[in-house]
Amino acid sequence: MSKTEIQNIKDWYASQFSEYESKLNGQTKTFLHDLRKDALSKLNEMNFPTLKDEEWRYTNVSPILKHNFVHPLSVEKVEYTKEEISKYIFSGFDSHLVVIINGIFSEELSDIKNLPDGVVIGSLDKISRENPELIKNHFGKNIKLKNAFNFLNAAYSNDGLVLYVPNNKVLEKPIQVLYLNGNDNAEVLSVPRSFIYIGKSAEASVIANYRGMGKNPYLSNVINEFVIEQNAHLNYYKVQNESQNAYHIDLTDGYQNRDSVFNHLSLSFGGLIVRNDLASLLDDENIQTHYYGLYVGQQNQHIDNYTFVDHAKPNCESNELYKGILDDKARGVFTGRILVRQDAQKTNAYQSNKAVLLSEKTQVDTKPQLEIFADDVKCSHGAAIGRLDDVAYFYIRSRGVPEAIAKSMLIKAYASDVLDNVTIEEFKEQLNHMIFESLHRVEVE
Amino acid sequence: MISIKNLQAKVEGKDILRGINLEVKPGEVHAIMGPNGSGKSTLANVLAGHESYEVTGGEVIFEGKQLLEMDPDERAREGIFLAFQYPVEIPGISNATFLKTAINEIRKHHGQEELTAKEFLALIREKAKILGMDDSLISRAVNVGFSGGEKKRNEIFQLLMLNPKLALLDETDSGLDIDALKIVSEGVNKFKSKDNAVILVTHYQRLLDYIVPDFVHVLYKGRIIKSGTKELALELEEKGYDWIKNEVLETA
Ligand SMILES: Nc1ncnc2c1ncn2[C@@H]1O[C@H](COP(=O)(O)OP(=O)(O)OP(=O)(O)O)[C@@H](O)[C@H]1O
Ligand SMILES: [Mg+2]
């Protein structure tokens, strides 16, 4: 990618802004708009990442920059019925449903009922206009925007999910957020920005479900910010199944308060170039953070996971397990950064990342990055990259099971320690199904 | 049933089997004994089709077919079963899924209908009972979290479920306490019939009190150096292997 191309794409997004602004109507009067303008000027001052940037040395984003993606507000809106979108929704268990199409919250398609008192599940656009006080004090304060994609989202996002759970409230049903992306008339820029606040001793589970539709490439460039207050629990499942010719860039970052628990499970199936940045700041004592990940790549997919656990205070625990399954010419990248600051004595931090290569032409680059400044800590990391287990393969076949099914069994076995962290059984089954579907292999129970 | 002629095999460039000859007829039980590293597991694995072992000579006719030309799963569908010396854990796959898949693949191969869920369940109950296994085991992942003894018992459970023609048991008795040994032996005895056969590898005479062999063979350095009846096992138990090794050296 040449300098002029990079300049061109920056000019493109800069030039689009006034048109975008003109479509925002009342939205320009909210606190969000100051953040947008601020992000736009930062975007102008910086470049999109290249292979020369240490954090991006294995991921070339230049194919993304060759497209002039347009904001959905500038594209004729396509209406969907509940029926049309039902096939994208995880079923078989109760959930609140939020539907966000190309980054824009759809009141009509969402289905949110019987919320406990004070719990808010709503549109960022609407809440920023009608009830900004709910989120204003926290919004944008717990997240570190790092690269031009993040600022592109911050400049152009006009909607997304707000989940606000006040102190002591427990949401029994998970919230399922369907982020449906793509448009048959244009190459769209989908930039939802979501914000999750879990109050003191409150609890919630979120399923963020990214799906693609249509034939056109698009850029799904998302930001998720979370605040998990004292003694609160957040279970966050991300299922990324964008179109195979789409691009997905995710920044999920947030702050955990004392005694809180954050479980994040990331499953990647779709996307041509995928980059997930996941970070948590453990800024008080007795916090638990669990990151589980499974990425399934085939054909020319490139899936890059960058995780960062920032231990700032003593007596916390983080635990990370990422696994990849790669077929054809797919490529995986994993960076696991763990920072244990000087204050963070008695930290336990574990990390394990593994990948199994189903073809000769796949490639994985992994990089653990432990930076430890406290002296009384327990940290470990391990990486294992290899093929499916030969001995188990022989064992299964020795019972009469043909090759293809035996391989599928091994794939399921391989994914099981990640998927075992999904506590909703029906949901887990559907995730299993997605593994076989995306690898085009026979399914096993 | 099976006729092994001058079978030779290599692993990682090393000759392990150096001309095995063995004839097993329906209804027979053959015990194979021999010191550590003599090639007993290798023989069992080669017969089951393990791809790490390279067959360098000889032939094996199983039920009139060239066994060595078949893939491991095909051999199993034709009726070979290997109870592993070290059974493998398969997380995420329940015993039920595993066995149902295997049984139905074998049935399809023989032109039989797949079992219904009900028939399958009934079969599980019947066989689990023989081995004193809890039904709940069936929903657990294959061998995951099983003790050594439970894994061996699960091998015999699979044997009963799949009901092959030839069972190869590789040290199924090693590490079992006497109660478990009795249960496992009972399972094998239930399996035995005039139409099938068992080749069992063991180090211990004790097993042969419960599963009585028709023939006992001593495998040493990749060859069967002595064959006899069950009395040979008693003699080995008493005197070890050195006397046979010497006998071989003298005749050589
Ligand atoms: N996969 C393998 N790779 C390398 N060497 C092997 C392999 N399998 C077997 N061997 C070697 O082949 C020889 C025979 O091994 P085998 O396991 O067949 O012996 P065994 O008679 O079953 O012994 P034991 O009584 O200890 O089970 C040994 O020297 C062993 O080290
Ligand atoms: Mg052995």
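This is a predicted model: local features need pLDDT of at least 70, side-chain atom pairs count only at pLDDT 80 or more; totals for chains, interfaces and linings use all residues.
## Basis

Local features need pLDDT of at least 70 and side-chain atom pairs count only at pLDDT 80 or more, while totals for chains, interfaces and linings use all residues. Residues are numbered from 1 along each chain as its sequence is written, chains are lettered from A in the order in which they are written, and side-chain values use heavy atoms, without hydrogens and water.

## Salt bridges

Over all chains there are 40 salt bridges (a side-chain nitrogen of Lys or Arg within 4 Å of a carboxyl oxygen of Asp or Glu). One of them joins D253(A) and K144(A), at 3.4 Å from N to O. D253(A) lies in strand β11 and K144(A) in the loop between α5 and α6, so the pair ties together parts 109 residues apart in sequence. D253(A) is buried at 2% relative accessible area, whereas K144(A) is partly exposed at 42% (buried is under 20%, exposed over 50%, partly exposed in between; 1.4 Å probe, protein chains only).

In chain B, E78(B) and K65(B) form a salt bridge with their closest N and O atoms 3.0 Å apart. E78(B) is in helix α2 and K65(B) in strand β5 (helices are DSSP runs of H or I with at least four residues, strands runs of E with at least two).

## Sheet in chain B

Four strands of chain B make an open antiparallel sheet in the order β2-β1-β4-β5 (strands pair if DSSP finds at least two bridges between them). Strands β2 and β5 of chain B are at the edges, each with a single partner strand, so one side of each has no neighbour in the sheet. Eight bridges connect β1 and β4 of chain B.
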